[in-house]
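Welcome, and take a moment to look at the protein chain below. This briefing walks through its layout, its pocket and a handful of its residues.

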Amino acid sequence: MSHIGAWNFQGRRLMVSVIVAGSFYVDPAERDRYVDGCRNLVEQARGAPGCLDLAISADPFEPGRINMFEYWDSQESLDAWRARAPHPAVQTALGEVEVFKHDIARSGPPFD
């Protein structure tokens, strides 16, 4: 997938960061084993060029829910990672998946 990006009024390319975030469900009996099986993936991603943060964690309130958060400096960095990312060490059936990609053109302090 090609990243078009955003352009400012002077025709210069603006940096557009990418967030992939959401949750998915697995059998509650498999959740902690699955999250633990993602440790290598998370460690490698955090060391990958352009990865600003990545987390895969067990939800503290819903027994079968896993939360994921990825923050990349660009679509190109995310695409490069996806091309070589390892699979989780543990495979399990996924239930409902609600994960979305967000292109972020501007960021700032959370509270003014």
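Predicted model: local features only at pLDDT ≥ 70, side-chain atom pairs only at ≥ 80, totals over all residues.

Residues are numbered from 1 along each chain as its sequence is written, and side-chain values use heavy atoms, with hydrogens and water left out.

**More about Ser-74**

- You will find Ser-74 in the loop between E5 and H3.
- Is Ser-74 buried or exposed? Ser-74 is buried because its relative accessible area is 8%; buried means under 20% relative accessible area, exposed means over 50%, and partly exposed is in between (1.4 Å probe, protein chains only).
- Along the chain, Ser-74 and Met-15 are 59 residues apart, yet 7.1 Å separates their C-alpha atoms.

**The chain as a whole**

- The chain has three helices and six strands; helices (H or I, at least four residues) and strands (E, at least two) are DSSP runs, numbered from the N terminus.
- The chain has 112 residues, and 32% of them are buried.
- Take the contacts between residues at least 6 apart in sequence: 68% of these join residues at least 24 apart.
- The accessible surface of the chain is about 7400 Å², and carbon and sulfur atoms account for 55% of that surface. Such areas come from the Shrake-Rupley method with a 1.4 Å probe, and for residues only the protein chains shown count as cover.

**The largest pocket**

- The largest pocket holds about 310 Å³ of space. On a 1 Å grid over the protein atoms alone, a pocket is an open set of points with protein on both sides within 12 Å along at least five of seven lines, unlike a cavity, where a 1.4 Å probe fits but cannot get out. Grid points are joined across faces, edges and corners, and a volume is the space filled by probe spheres set on the points.
- Which residues are closest to the centre of the largest pocket? They are Leu-41, Ile-56, Met-68, Glu-70 and Arg-82, out of 17 residues in the lining; lining residues have an atom within 4 Å of a point.
- Strand E4 (51–58), strand E5 (65–72), helix H3 (75–84) and strand E6 (97–104) each give two or more residues to this lining.
- The lining has 14 nonpolar, one polar and two charged residues. Ala, Val, Leu, Ile, Met, Phe, Trp, Tyr, Cys and Pro count as nonpolar, Asp, Glu, Lys and Arg as charged, and the others, Gly among them, as polar.

- Arg-82 lies in helix H3 and counts as partly exposed because its relative accessibility is 42%.
- Leaving aside neighbours within four places in sequence, Arg-82 is in contact with Val-20 and Glu-70.
- The side chains of Arg-82 and Glu-70 make a polar contact (2.8 Å). A polar contact is a pair of N or O atoms within 3.5 Å; within protein, one must be able to donate a hydrogen and the other to accept it, and residues adjacent in sequence count only if both atoms are side-chain atoms.
- Ser-77 is also found in helix H3, and Ser-77 counts as buried because its relative accessibility is 13%.
- Beyond its neighbours within four places in sequence, Ser-77 is in contact with Pro-49, Gly-50 and Trp-72.

**Around helix H1**

- Arg-31 belongs to helix H1 (residues 31–36).
- Why does Arg-31 count as buried? Arg-31 counts as buried because its relative accessibility is 12%.
- The side chain of Arg-31 makes a polar contact with that of Asp-32 (3.3 Å).
- Not counting residues up to four places away in sequence, Arg-31 touches several residues, including Val-26, Ala-58, Glu-62 and Pro-63.
- Pro-28 sits in the loop between strand E3 (17–25) and H1, and Pro-28 touches Pro-63 and Gly-64 when residues up to four places away in sequence are not counted.

**A residue on the outside**

- His-87 is in the loop between H3 and E6, and His-87 is exposed because its relative accessible area is 69%.

Definitions and conventions
Contact = heavy atoms within 4.5 Å.
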